[in-house]
Amino acid sequence: MKKLHSFHIPVMGIGFTADTPLKVSHLGIDSAISLVDDILLEKLRKMYCNMFELPYQEIDNSQPDFRAKRITSYLDMIHDVTEDKFNQLKEVNKSCTDELKHYFNLLPSTSEIKSQFMNAISDTFNLDKAKKFFTEHLVKGSIDVNIMTKVDKDHFNDKEKLPAEYNDAHAALRGYANSNLSSSLILSAGMNPHLFSYLENFKDFYPDATGYIKKKVILKVSDYRSALIQGKILAKKGIWISEFRIESGLNCGGHAFATNGLLLGPILNEFTVNKQVLTNELHELLTKALKTKEYHVPATALPIKITAQGGVGTSEEHEFLLSKYNLDSIGWGTPFLLVPEATAVDNETLQQLVGAKEEDLYLSDISPLGVPFNSLKGNTKDEEKYRNIAKNRPGSACPKKFVALDKEFTEEGLCTASRQYQHLKIKQLDAQGLDAIDYKKELDKITVKSCTCVGLGTSALLKYNLDTKTEGRGVSICPGPNMAYFSKVMSLKEMTAHIYGEIKNIVSAKRPHIFVKELTIYVDYITKKFNESPVISNKREEKYFTTFINNLKEGVTYYEELLAETKGYFEASKSTIKDSLEAELNRLKALSLQVEQAVQVTT
């Protein structure tokens, strides 16, 4: 059945959307759960089992394969509760009358199903007809899961390394594969060949005789090239990519994987132009792989969805992207952090988000993964970090170790935000005999890292008054730059009405257009990178900067042409957008000259 909403709620952090499906799936809205923290999921399962009077038996660390079992049990609980809620709606249960109205009120006024429903209840109400109508037309939101492929820590037993299937991402994959869900696995943060191969072990990821896939695969990518490469690798294994989820490289929440100066508009255009070629190529590879495995082979190519997310903030942008690039859905992440009906954000952090301005949201170096990370100044996890530094005890106790991936000092790995790792790195630094200025610079690079694998889940524990003895009360929060333009706590109805353009004045009038904002962030990013080391010492560095800048310039040209040919969208803001594009182009031209001069000096 076709989904009724044209947006989805992407995964956010580790805990912010951990229980979002329980709140929105029965209302027809797709959302995603992070599978990083099985300890958090186990705590939430216990809470919800008590709330819904379901049987609960703790899965502790003494049990074999406890991580996968926790994830399976949590997802099965989510599945069962949402199914029950959804079935009650379809049965027109009296206790769910208000929720049924809520379901339809969230739909846009242009929805054909909504109009049919309003007509049906305005006529003489017939219970049997109503049940038939709801059974045929109500759609449940997909309960998707997200695995960061690189967060795949090895596990050991008495210092003996266990097989790869016990690694964190592998166990999470197994936990999802063994669950009752029929939904999608979102793979993000790049390639993990071993994990990709592990997918082959589970029949739910393969199409049946009708082409139905119980557990689909979504690849979250930031450009066409990476989508094609990863898509081919998986197709050769018999795994179909049901959706390519394109995320803005820098204008997004959480980890920001900067493209080489490629902007969202040109990237989406490349997908639009090449979608059929991509589909055909992957279908051919899939067919060969399935024949080799002696599995069902689809008679025709299976569908591929193209979706986008990162920085969308108005209904006009939402509609334009859907229409121009023929997208299947738009992800709205950051603004949903201000919707308590949908996400798990503690009250103190919620108020910080409400008051956040442009200068409070920044691309940080705090992530132990070594990837730029969008963060909020003054978050309580960073405050905790600064207190530890002031006590001359930098670093976290590292209670969960999900990103203990650095193997410089131990075979089992350490997290670069941990106290143990930072102590050893500072010891190395002390031995270098640097002057005070250089020493401070290198010291800051070590101690800037924050314990995000704990901090990104703590907010959910605080919201529900659950035990934080192990984690502490510090919260990391990862909104995208878009948060600066949303300044109020919203109901789910207000948020969806904003998305569909049915209420005004939710977003700041000062908010730049999505394409302009992303361009500005990219120009800031590459300018900062150059200024950090304005000496270009080799051809590789020269190529990096010139390619990056040229891609941005080509992006500006693309947007200027797009603006000139676009009718019916952005009419009131075209001149402002054009002026902003020109201003950023001038910054790029000035930076190009600096790069050329740096190359000449080196030569």
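Tutor: Helices (H or I, at least four residues) and strands (E, at least two) are DSSP runs, numbered from the N terminus. The model is predicted, so local features need pLDDT of at least 70 and side-chain atom pairs count only at pLDDT 80 or more, while totals for chains, interfaces and linings use all residues. Residues are numbered from 1 along each chain as its sequence is written, and side-chain values use heavy atoms, with hydrogens and water left out.

Student: In which strand is phenylalanine 156 found?

Tutor: The strand in question covers residues 156–157. Phenylalanine 156 is therefore assigned to strand S4.

Student: Is phenylalanine 156 buried or exposed?

Tutor: Buried means under 20% relative accessible area, exposed over 50%, and partly exposed in between (1.4 Å probe, protein chains only). Because its relative accessibility is 19%, phenylalanine 156 counts as buried.

Student: Which salt bridge partner does aspartate 38 have?

Tutor: A salt bridge requires a side-chain nitrogen of Lys or Arg within 4 Å of a carboxyl oxygen of Asp or Glu. For aspartate 38, the closest N and O atoms of the pair are 2.8 Å apart. The pair links distant parts of the chain, helix H2 and helix H3, 29 residues apart. The partner of aspartate 38 is arginine 67.

Student: Which helix holds both glutamate 284 and lysine 288?

Tutor: Their side chains meet in a salt bridge at 3.9 Å, N to O. Glutamate 284 is partly exposed at 48% relative accessibility, whereas lysine 288 is exposed at 52%. They lie 4 residues apart, about one turn of the helix, and both belong to helix H10.
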